Amino acid sequence: MLFAGCDWSDRWLDVAVLARSGAVLGETRIVYADSPDPVACYWEFLAPLGRRWRATVTGIEDVHILFARSLAASGMEVVHVDPTRASRHRAAFGTPKTDRADARLIASMTLAGEYRPIVPNSPTTEALRVVAHAHRAAVATRAEALHVLRAARVRIWPAAVSAWPASVGGLRSPQARAVLAAAPGPRAAARLDRKRLAALLTAAGRTRKVEDEAERLRLLFCRPVMLLDPCVEDAEAVRIRHLLAALDQAGSVHGNGDQAQIP
């Protein structure tokens with residue numbers, strides 16, 4: 001059986017392979033730019049080193065990088081070597097901090113059993129984990145986008161924040177986003193008549209009491225409010241539209257995550 005240590009960076013992988021006796025059997029560097037498939041290059045490097053090279057135990061400090069995940073998916077054993085413990089070993093032995101030396105250190109720790117085995121997941125479980133993390137990130141992104149949008153509205157037009165209460169979704173509601181996209185500033189909103197507002201609300205999905213809601217918004221938008229210079233207001237309106245687009249995108253990702261199909 002062979003024991004390998006892999007020190008990774010954004011540009012290459014340094015690999016050292018030890019025999020059970022501790023002797024160094026080989027070292028190599030796999031440059032990502034020179035190989036579209038570093039795992040295949042790793043196999044080519046291991047094959048001449050031992051008959052049972054497929055039983056090689058590969059230690060690495062980050063088992064979540066693509067190389068480690070792909071290597072594990074191919075059926076080879078990948079184990080996690082704690083970076084903090086490796087750093088302590090390096091300091092204790094006075095080992096220089098180089099990629100090649102780190103690969104040897106990780107290989108020796110793998111040989112000594114100083115690693116944590118990785119519990120393999122089924123492809124379905126792994127896919128569910130990825131989708132769950134993506135869903136959680138989308139929810140966080142949507143919440144952040146909504147907070148930024150609310151802050152931007154307060155800067156230019158506070159009345160728009162209270163135009164849609166939380167009971168109907170606030171600024172997150174499709175109707176609010178549709179109206180604000182058409183009129184992101186108070187001057188533009190004041191120019192919207194009831195017919196135009198009704199069309200925006202209908203396009204956003206409202207079906208009941210459309211005319212009443214359009215009249216409510218028209219009266220609200222016609223009230224006197226504090227105004228900025230028109231040039232500044234136009235600049236803020238561009239920012240508002242960008243924030244609305246970001247919120248729409250975050251909502252789209254969040255919604256699609258619920259419909260992901262796992263085989």
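## What counts as a pocket

On a 1 Å grid over the protein atoms alone, a pocket is an open set of points where a 1.4 Å probe fits, with protein on both sides within 12 Å along at least five of seven lines; its lining residues have an atom within 4 Å of a point. Its volume is the space filled by probe spheres set on the points.

This is a predicted model, in which local features need pLDDT of at least 70, side-chain atom pairs count only at pLDDT 80 or more, and totals for linings use all residues. Residues are numbered from 1 along each chain.

The largest pocket has a volume of about 600 Å³. Its lining has 21 residues, and the closest to the centre are Ala72, Ile118, Pro120, Asn121 and Glu126. Helix α2 (66–73) gives the most, with 5 residues; helices here are DSSP runs of H or I with at least four residues, and strands are runs of E with at least two.

The second largest pocket holds about 150 Å³ of space. Among the residues lining this one are Leu146, His147, Trp164 and Arg172, and α5 gives the most, with 3 residues.

## The sheet and its helices

Now to the sheet: 6 strands form an open, mixed sheet in the order β3-β2-β1-β4-β5-β6, where pairing takes at least two DSSP bridges between two strands. The edge strands are β3 (24–31) and β6 (116–117). Strands β2 and β3 run antiparallel, joined by 7 bridges, and Val15 stands opposite Thr28 in β3.

Notes: Side-chain values use heavy atoms; hydrogens and water are left out.
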